[in-house]
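This briefing covers one protein chain, with points grouped by topic. Please read it alongside the sequence and the model.

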Amino acid sequence: MTTARGRRFIDLLAVPRTQPAAMAPERPVTRWTVACTAMLPTVLTSAWLIAGALQPPDYSPVRQTVSVLAGHAGSHRWIMTSALYVVGAGYLVTAALMTVLSAPCRAGLVLAGAAAIGVASFPQPEHGTSQAHAVCTGIGAITLASWPAVAARQHSVRAALGARVTNTAIVVSALVFFWTFIETRDGTALGLAERVSSVGQACWPLVVALALRGAQAGAQPGERRDDARDGALDAARSQRC
């Protein structure tokens with residue numbers, strides 16, 4: 001009798017306290033999530049193409065940034081400004097919808113959305129720049145450049161995308177970020193570098209959402225439980241950090 005009670009006591013100690021959360025079913029990536037992530041690069045690219053076409057002939061999309069289109073020196077600046085607000089809100093909604101992501105991934109999306117809204121709220125002056133605009137631009141650029149690496153720490157994201165795609169995205173994102181940084185030091189292609197980095201960064205949440213949705217659709221029940229367990233472990237690690 002004493003031995004049986006002792007075994008039950010040992011079994012209770014051996015059960016991890018996070019086991020119920022680890023076995024919880026993984027939240028699905030819905031069509032609304034995919035649509036929201038697809039909206040990010042679509043709105044951003046469409047806005048700078050339309051606003052750029054309405055600028056005076058001396059405007060150069062290769063040399064001048066998107067901030068000029070939304071700044072006080074831009075013609076029809078409301079187009080780019082409205083797009084930045086929409087994109088910023090889109091990042092916030094994406095963070096709310098993609099509950100399958102870990103807390104650091106979703107926090108990065110929230111920070112990116114807040115930065116985009118800040119860039120729109122503190123437009124670039126006609127000459128030079130403002131400190132608030134520069135801070136919001138820098139926060140957004142650093143956050144989005146590092147987001148592929150942050151997302152790669154989550155097991156389900158790495159498994160859905162594959163190691164080659166994940167590592168390639170991290171390297172390309174870092175290279176484009178440094179290219180943009182170099183162009184800020186009196187470069188002649190700052191506008192081009194910013195556009196390439198912006199559209200690539202805006203597309204990555206869509207790629208992640210599509211990969212996770214495809215992995216969930218093709219996963220067997222046992223595999224889904226394993227993914228849910230790994231996702232819970234990732235969340236537990238992020239909370240400890």
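Helix 3 and helix 5 cross in a left-handed sense. In this predicted model, the axes of the two helices come within 9 Å and cross at roughly 165°, which makes helix 3 roughly antiparallel to helix 5. An angle over 145 degrees counts as roughly antiparallel.

**Helix 3 against helix 5**

- On the helix 3 side, the contact is made by Trp32, Thr33, Cys36, Thr37, Met39, Leu40, Val43, Leu44, Ala47, Trp48, Ile50 and Ala51.
- Helix 5 contributes Ile79, Met80, Ala83, Leu84, Val86, Val87, Gly90, Tyr91, Val93, Thr94 and Leu97.
- Sorted by class, the contact of helix 3 with helix 5 has 19 nonpolar, four polar and no charged residues.

**Overall architecture**

- The protein has 11 helices and zero strands.
- Along the sequence the pattern reads α-α-α-α-α-α-α-α-α-α-α.
- Of the 241 residues in the protein, 39% are buried.
- Among contacts in the protein with a separation of 6 or more, 71% are between residues 24 or more positions apart.

**Helix 6 against helix 7**

- The axes of helix 6 and helix 7 come within 8 Å, crossing at roughly 155°.
- Helix 6 and helix 7 are therefore roughly antiparallel to each other, and helix 6 passes helix 7 in a left-handed crossing.
- From helix 6, the contact involves Pro104, Cys105, Gly108, Leu109, Leu111, Ala112, Ala115, Gly118 and Val119.
- From helix 7, the contact involves His133, Cys136, Thr137, Ile139, Gly140, Thr143, Leu144, Trp147, Val150 and Ala151.
- The residues of the contact of helix 6 with helix 7 divide into 13 nonpolar, six polar and no charged.

**Gly118 and His133**

- Gly118 is found in helix 6 and is buried, with a relative accessible area of 9%.
- His133 lies in helix 7 and counts as buried at 3% relative accessibility.
- Gly118 and His133 are 15 residues apart along the chain, and their C-alpha atoms are separated by 7.1 Å.
- Neighbours within four places in sequence aside, His133 is in contact with Ser67, Val119, Phe122, Pro123 and Gln124.

**Helix 7 against helix 9**

- Helix 7 (residues 131-152) and helix 9 (residues 163-183) have axes that come within 9 Å and cross at roughly 165°.
- That makes helix 7 roughly antiparallel to helix 9, and helix 7 passes helix 9 in a left-handed crossing.
- Helix 7 makes this contact through Ala141, Ile142, Leu144, Ala145, Pro148, Ala149 and Ala152.
- Helix 9 makes the contact through Thr166, Ala169, Ile170, Ser173 and Phe177.
- The contact of helix 7 with helix 9 consists of 10 nonpolar, two polar and no charged residues.

**Nonpolar core**

- In soluble globular proteins, nonpolar side chains tend to be buried together.
- The largest nonpolar core has 41 residues.
- The residues with the most contacts inside this core are Met80, Tyr91, Leu101, Trp147, Val208 and Leu212.
- At least two residues of this core are supplied by each of helix 3 (31-53), helix 4 (66-70), helix 5 (77-97), helix 6 (103-121), helix 7, helix 8 (155-161) and helix 10 (190-218).
- Leaving aside neighbours within four places in sequence, Leu101 is in contact with Arg106, Leu109, Trp147, Gln154, Val157, Val208 and Leu212.
- Met80 and Tyr91 also take part in the contact of helix 5 with helix 3, and Trp147 takes part in the contact of helix 7 with helix 6.

**Loop residues**

- Most residues other than glycine have a negative phi.
- His76 has a positive phi of about 55° although it is not a glycine.
- His76 lies in the loop between helix 4 and helix 5 and is partly exposed, with a relative accessible area of 42%.
- Thr30 lies in the loop between helix 2 (19-22) and helix 3.
- With a relative accessible area of 34%, Thr30 is partly exposed.
- Thr30 and Ala209 are 179 residues apart in sequence, while their C-alpha atoms are 8.8 Å apart in space.

Terms used: Residues numbered from 1 in each chain as written. Predicted model: local features only at pLDDT ≥ 70, side-chain atom pairs only at ≥ 80, totals over all residues. Heavy atoms only, no water. Axes fitted to C-alpha atoms, helices over the stretch in contact; angles between N-to-C directions. Helix = DSSP H or I, 4+ residues; strand = E, 2+ residues; numbered from the N terminus. Parallel < 35°, antiparallel > 145°, perpendicular 65-115°, else oblique. Left-handed = near helix turned anticlockwise from the far one by under 90°. Contact = heavy atoms within 4.5 Å. Nonpolar A, V, L, I, M, F, W, Y, C, P; charged D, E, K, R; others polar. Core = buried A, V, L, I, M, F, W, Y, C linked by side-chain atoms within 4.5 Å. Buried < 20%, exposed > 50% of the residue type's maximum accessible area, 1.4 Å probe, protein only.
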